[in-house]
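Hello,

Here is the structure for you to look through. My notes on it follow below.

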There are 4 protein chains.
Amino acid sequence: MANSRFEYVKGFEKADNLLPETYIVIRIDGKGFHKFTEKHEFAKPNDSRCLELMNKAAEIVVSEFTDIVLAYGDSDEYSFVWCKGTQLYERRESKLVSHVCSLFTSAFVFNWSKFFDIPLRSLPSFDGRAVLYPSFSSLRDYLSWRQADCHINNLYNTTFWALRLQGKMSNREAEERLKGTVSADKHEILFSQFGINYNNEPEMYKKGTIFTRKPADGDDMLSKGTNLSKKQKKKLVIEKLHVDLIADSFWKERPYLETFMNQ
Amino acid sequence: MANSRFEYVKGFEKADNLLPETYIVIRIDGKGFHKFTEKHEFAKPNDSRCLELMNKAAEIVVSEFTDIVLAYGDSDEYSFVWCKGTQLYERRESKLVSHVCSLFTSAFVFNWSKFFDIPLRSLPSFDGRAVLYPSFSSLRDYLSWRQADCHINNLYNTTFWALRLQGKMSNREAEERLKGTVSADKHEILFSQFGINYNNEPEMYKKGTIFTRKPADGDDMLSKGTNLSKKQKKKLVIEKLHVDLIADSFWKERPYLETFMNQ
Amino acid sequence: MANSRFEYVKGFEKADNLLPETYIVIRIDGKGFHKFTEKHEFAKPNDSRCLELMNKAAEIVVSEFTDIVLAYGDSDEYSFVWCKGTQLYERRESKLVSHVCSLFTSAFVFNWSKFFDIPLRSLPSFDGRAVLYPSFSSLRDYLSWRQADCHINNLYNTTFWALRLQGKMSNREAEERLKGTVSADKHEILFSQFGINYNNEPEMYKKGTIFTRKPADGDDMLSKGTNLSKKQKKKLVIEKLHVDLIADSFWKERPYLETFMNQ
Amino acid sequence: MANSRFEYVKGFEKADNLLPETYIVIRIDGKGFHKFTEKHEFAKPNDSRCLELMNKAAEIVVSEFTDIVLAYGDSDEYSFVWCKGTQLYERRESKLVSHVCSLFTSAFVFNWSKFFDIPLRSLPSFDGRAVLYPSFSSLRDYLSWRQADCHINNLYNTTFWALRLQGKMSNREAEERLKGTVSADKHEILFSQFGINYNNEPEMYKKGTIFTRKPADGDDMLSKGTNLSKKQKKKLVIEKLHVDLIADSFWKERPYLETFMNQ
């Protein structure tokens, strides 16, 4: 096509290719979800419909990008981890972040009615960012950080809403009651006051949701230590888990994760 | 809330605040829209349903962010121009780009059924980027670039599809016929061969769509040269146009645009 | 030349081209100059030998880069302002900052013995940074900031060292005496206690030093509003000043500065 | 100190902290050294005075920054490798690059007369850049790249200048003679035509110069796998080498290098 004399303005775009050979994490977060949850009368402390819709949207994102090795989500956020050699969009930060965020949003809105009986009363939206981790151990710490955060928040919220709903406390009273309490105190409140054993709460609430790519049963291609072709990547199976990923055992039982992440 | 020992990983996030006192343009583009248009049997060369849906989504974005002064869109892309003093999200690039892109996507999917009779057969998505322009003249050149591009593409596509649909040419034959032709040649083909006067084509196709914020009738607050409060910004009216913005007259007739952009 | 299999590591370098059409300011600062001044028995509060050596080094930098329009320095720092269209090193930040900083250092060490009777007892060094200003008014404010800083520091230091040297106060006593004083108080201390009229202090101490490029006498090429060729730039004359640049008059009397900066 | 109303311009500075836990390499290169070598009548193909002056300047830089683990230089360039946990200047890129470049320049000019009988006839200067390597293997490949480059250039230059000086060829004739030759051809030319066994050329020319930090004799603190205190780092001894660093043996014989780099 012909060019115009205005073409020079393209020169104001800046290169934003991410450092090679580092793990790219793209995390998306709900914008103004506090208000959004009120408008749509979410169950407290967890609304399983929304969590499953988030999971559905995440699964669609994972399916779309074969270089995503693992995704982790809880509440209104999701993190997507890419294998460190990915060349998608030449590793351009804006393209990666905005496309993931857009596709997630698209899937969230499109699938809303499969999870909710009420129609959307306002538009949900998300923001995103990319963070680079140069080593497998810092990447693991990132994921542990998010899951520890899920645990801390969920224990707090479970106790807070027990005090509010069953204990008939006001917002302020519940906050006061929880001020300065440690983990054991909250377990104790739940158990002695409301007969709730926190350990029996649903795993999805306590641990969040993990998607991984894994070899199909009997297929040991990843243990061979060679890089996977695009075709081979497509044969990987997506698995959904609600388990602890902080302990070493998660990674030892799934050696293909580190192998795939490092390619 | 309590912190975990993994908290240090936050230190890997990088600051991405955009240079102050520059015009921020956020442009979003459809991802893989060629395939998307085929799947949804778009009219050629322009599908007015999709263009109006794009416009609807853009209007929602403009309404949401009161610091957007002007938006310009055609085909599967839209550019949003922010006043140069905007402090939204502390001018953080990822937040701005991803949120705009996400909200646009959300609005696009949510409103699909208002413009199309057929359901979505695949998920639409967009990517986005931010570009900075330090002067009003370079910003005008950016917008002129996009509108000139719209014109060039639309003239080509109009002629191409006339050759294909009415002229019964194959893809390759139409491409061959257009190779090396200049603007006047295409006008001539359209007129002599198909009786189409290109100048009579719909303005939305030829010029794209512009949204601006303008003072309500009789309100001259912007001519006072003082900065608008958030409250005053909300009183501004959003206007939709399909006109030439390359010539000086567009800007001379709307002096409030430059005033607002510069605040 | 032949390439090696290690060549791929070049791909880890990142593009750092600075935004076009913005004023580039490169400021260098002495590293650890407090210790350096003690080792070389600098006069207090100002050592004119060092200031003139700084000026000499700055003049060499200005001479080398014909796109530098103005330089401003005081104490152990210097700022170099480039015309906004400069394409030197494709505006690559690292190249610009490091080369300016290196050449300044080279000139400083090389010319040391022309200004000091004593040999260098330790190696002087500088660090540098680039800052972008998108408008002429923000650039002027940058320069005003540095000159206001020079004034504030010099008034403080002049009073502090009068108290120390003539007033026989200890460091701590002088600091105590100055705590909470405003500008007028310091003028008063200097005048009533030490008979020093601050206004009669050397202009170089109070205002710092400015280098500008200006047309040779009788040459009005810059008023023509057209861009200068490289050849014409070389005909410009470098002028050294110790005057106020905060007031409008400085810029009004030198219209070629804005003209040259904007090309 | 008091602030001025211009202070806001500081807000235009951007954060440039380098990604944590990656190896920082700062490479400096002579600016316009081709001309500089002519002005100072450098010996061809290698001027040992200049190489030793470069080494002297590099040693001063290594001594100054205790987080530099290794430096490699040849011709008019030097690369400095920092341990991956360094927090110097909060890892701010401009500060690191400009200060290293400035100190190197300072040392080069200051020590000139210790290596050259003739005075400086023009000012030497350098530019610099930072490159990040996320893994030890990519860092090793970087260093191998520079040493392979040294070898390729030195073999070419040695042969070229033998043809020029002993073979009495013109520039063009020597270039023609070498066009298309591989390594073995150049060895053969040197040996059969000029009786030069390339393998007997000085190691500094063929391998460049390496500085490393190593434990003092008998001190095994680095093998303990714990991080070194600042005090311990100062006890490390700087070693100068002209050896092959591409082969594994270099690293196997010096296990403390990887240990120190990784802290």
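I'll begin with one charged pair. C:Lys214 and C:Glu239 form a salt bridge, with the closest N and O atoms 3.5 Å apart. C:Lys214 sits in strand E5 (residues 209-214) of chain C and C:Glu239 in strand E6 (residues 237-241) of chain C, so the pair ties together parts that are 25 residues apart in sequence. Please keep in mind that this is a predicted model.

Now a pair in chain A. The side chains of A:Lys233 and A:Asp67 form a salt bridge, at 2.6 Å from N to O. A:Lys233 is in helix H9 (residues 230-235) of chain A. A:Asp67 is in the loop between helix H2 (48-64) and strand E2 (68-74) of chain A. The two are 166 residues apart, so this pair too links distant parts of the chain. Are these two side chains buried or exposed? A:Lys233 has a relative accessible area of 11%, so it counts as buried, the cut-off being under 20%. A:Asp67 is buried as well, with a relative accessible area of 13%.

Over all chains, a search of the whole structure finds 73 salt bridges. Side chains of opposite charge can pair when their charged atoms come close.

Next, the contact between chain A and chain B. Each side is listed here: 54 residues come from chain A and 54 residues from chain B. Together the two chains bury about 4600 Å², with 63% of it on carbon and sulfur atoms. How many salt bridges are counted between chain A and chain B? The count is eight. One pairing of these two chains is B:Asp127 with A:Lys95, a salt bridge whose closest N and O atoms are 2.6 Å apart. There is also a network of salt bridges that links A:Lys10, A:Glu13, B:Arg27, B:Asp29 and B:Arg129.

Then the contact between chain D and chain B. Six residues come from chain D and six residues from chain B. The buried area is about 480 Å², and carbon and sulfur atoms give 80% of it. Between chain D and chain B the salt bridge count is zero.

One spot within chain D is also on my list. D:Ser122 lies in the loop between helix H3 (93-115) and strand E4 (126-133) of chain D. Leaving out residues up to four places away in sequence, D:Ser122 touches D:Phe36, D:Lys39 and D:His40. D:His40 is 82 residues from D:Ser122 along the chain, yet their C-alpha atoms are separated by 8.7 Å.

Last, chain A as a whole. Chain A has eleven helices and six strands. Its C-alpha atoms fill a box of roughly 70 × 50 × 35 Å along the principal axes. Of its 263 residues, 56% count as buried. Take the contacts in chain A between residues at least 6 apart in sequence: 74% of them join residues at least 24 apart. Chain A exposes about 11500 Å², and carbon and sulfur atoms supply 48% of that. It carries 38 positive and 36 negative side chains, and the centres of the two sets are 4 Å apart.

Best wishes

Definitions and conventions:
Residues numbered from 1 in each chain as written. Chains lettered and ligands numbered in written order. Heavy atoms only, no water. Helix = DSSP H or I, 4+ residues; strand = E, 2+ residues; numbered from the N terminus. Buried < 20%, exposed > 50% of the residue type's maximum accessible area, 1.4 Å probe, protein only. Contact = heavy atoms within 4.5 Å. Areas by Shrake-Rupley, 256 points an atom, 1.4 Å probe, with all protein chains shown as cover. Lys, Arg positive; Asp, Glu negative; His and termini not counted. Charge placed at Lys NZ, Arg CZ, Asp CG, Glu CD. Buried area = accessible area lost by both parts, 1.4 Å probe. Salt bridge = Lys/Arg side-chain N within 4 Å of Asp/Glu carboxyl O.
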